[in-house]
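Colleague: Could you take me through the side-chain contacts of this model, with the criteria behind each one?

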Amino acid sequence: MTVDDTGSGADGDGRVDPEPAPDPADSGEDPLALRLEGLILGAERRYTPFQAARSAGVSMELASRFWRAMGFADIGQAKALTEADVLALRRLAGLVEAGLLSEAMAVQVARSTGQTTARLAEWQIDSFLEGLTEPPEPGMTRTEVTYPLIELLLPELEEFLVYVWRRQLAAATGRVVQAGDDEEMVDRRLAVGFADLVGFTRLTRRMEEEELGELVEAFETTAADLVAARGGRLIKTLGDEVLYAADDAGTAAEIALRLIETMANDETMPELRVGLAFGTVTTRMGDVFGTTVNLASRLTSIAPKDAVLIDSAFAEELIRTRDAPASEAEAAEEAAAAEKEGEEPPAYRFALQPMWQRPVRGLGVIEPWLLTRRGDGGE
């Protein structure tokens, strides 16, 4: 929503009295859509962007930045904002005035929240509410079902959203507190993995849109569940590809092999390939960036079907943490020595096989390793 340096209705101290709510018939918009908007927002349209900014005590330039960051379209000077919009502007501006956030950080907060909740809202409407609002009886229209259904669902979904957000915030805060220093909070050493469906482009030509959508949803759901259950974090999904991260190499390796094993047991799924890299990663707005991420992506593109490729730093980390032996010969020597002493041999979870070095565009020459599960490892 953009704001212009014009407006009316402001008194001497800059406050703006809201005007009476417009008659829906005058706007040319669907009356039900306006009723649903009022129900969801909990308030009626009363302000133009100029009036909302002045009422919130926020400059029109900053208000425009906040609204655009939240992902809302420019509306000129249409009367489309509510008391809730004024309160949101006031809160963001108050955090800046109190010195708790810089102006740039407040805009980032608006952008990250807007992007995340926009995707959530689209998913809920497309996959959830659309199905639930099918008329239950012949002769009923969807419009007759939608309003009372949303009226019942809204408070429950709102409470659940806040609960999940608090849980995720607690988990993220815990990871930050455990970081070694301030620099590690932004630039951290993480294990990063890409999992990619093989031959997805060919599938898009052969499958119906509905079938393709179901396949992608099944893949994303399976990947998300496995990543979460094994202690990783799903960063994002890209249709035929998922990106995840973990604090240690062993966790990321276990997730990768579980993904391969799970997909291989599902006849409806195409083959999968995974690339893993370990190193410094920059985190911003829930995403990850840097050479380590690029390397994981490149390894995925050259990985064989139903296989996991890792970089040399990832292999070294697995060896350091005793999750994998440096070689099978070394593992055999350790097992023989342990047997001679009457002790248990090392319980390595993974096996590593060095592959041919190869040049990778933008990253120079890399030495990939094939990651597999040892016969005596796993659950």
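Modeller: The side chains of R45 and E37 come together in a salt bridge, at 2.8 Å from N to O, where the term means a side-chain nitrogen of Lys or Arg within 4 Å of a carboxyl oxygen of Asp or Glu. This is a predicted model, in which local features need pLDDT of at least 70 and side-chain atom pairs count only at pLDDT 80 or more, while totals for chains, interfaces and linings use all residues. Residues are numbered from 1 along each chain as its sequence is written, and side-chain values use heavy atoms, with hydrogens and water left out.

Colleague: Which residue forms a salt bridge with E328?

Modeller: The closest N and O atoms of this pair are 2.8 Å apart, and the partner of E328 is R374. E328 lies in helix α14 and R374 in the segment after β10 (369-373), so the bridge ties together parts that are 46 residues apart in sequence; helices (H or I, at least four residues) and strands (E, at least two) are DSSP runs, numbered from the N terminus.

Colleague: How many aromatic pairs does the ring rule count?

Modeller: Rings of Phe, Tyr and Trp (its six-membered ring) pair if their centres lie within 6.5 Å, and planes under 30 degrees apart count as stacked, over 60 as edge-to-face and the rest as tilted. By this rule the count is one aromatic pair. F160 and Y163 form that tilted pair, with 5.9 Å from centre to centre and 40 degrees between the planes. Both residues lie in helix α7 (residues 142-178), three residues apart, and the number of aromatic pairs is one.

Colleague: Which residues of helix α2 are buried?

Modeller: Helix α2 covers residues 31-41, and L41, which is found in this helix, is partly exposed with a relative accessible area of 41%. After α2 comes G42, whose phi is positive, near 75 degrees. The buried residues of α2 are L32, L34, L36 and L39.

Key
Buried means under 20% relative accessible area, exposed over 50%, partly exposed in between (1.4 Å probe, protein chains only).
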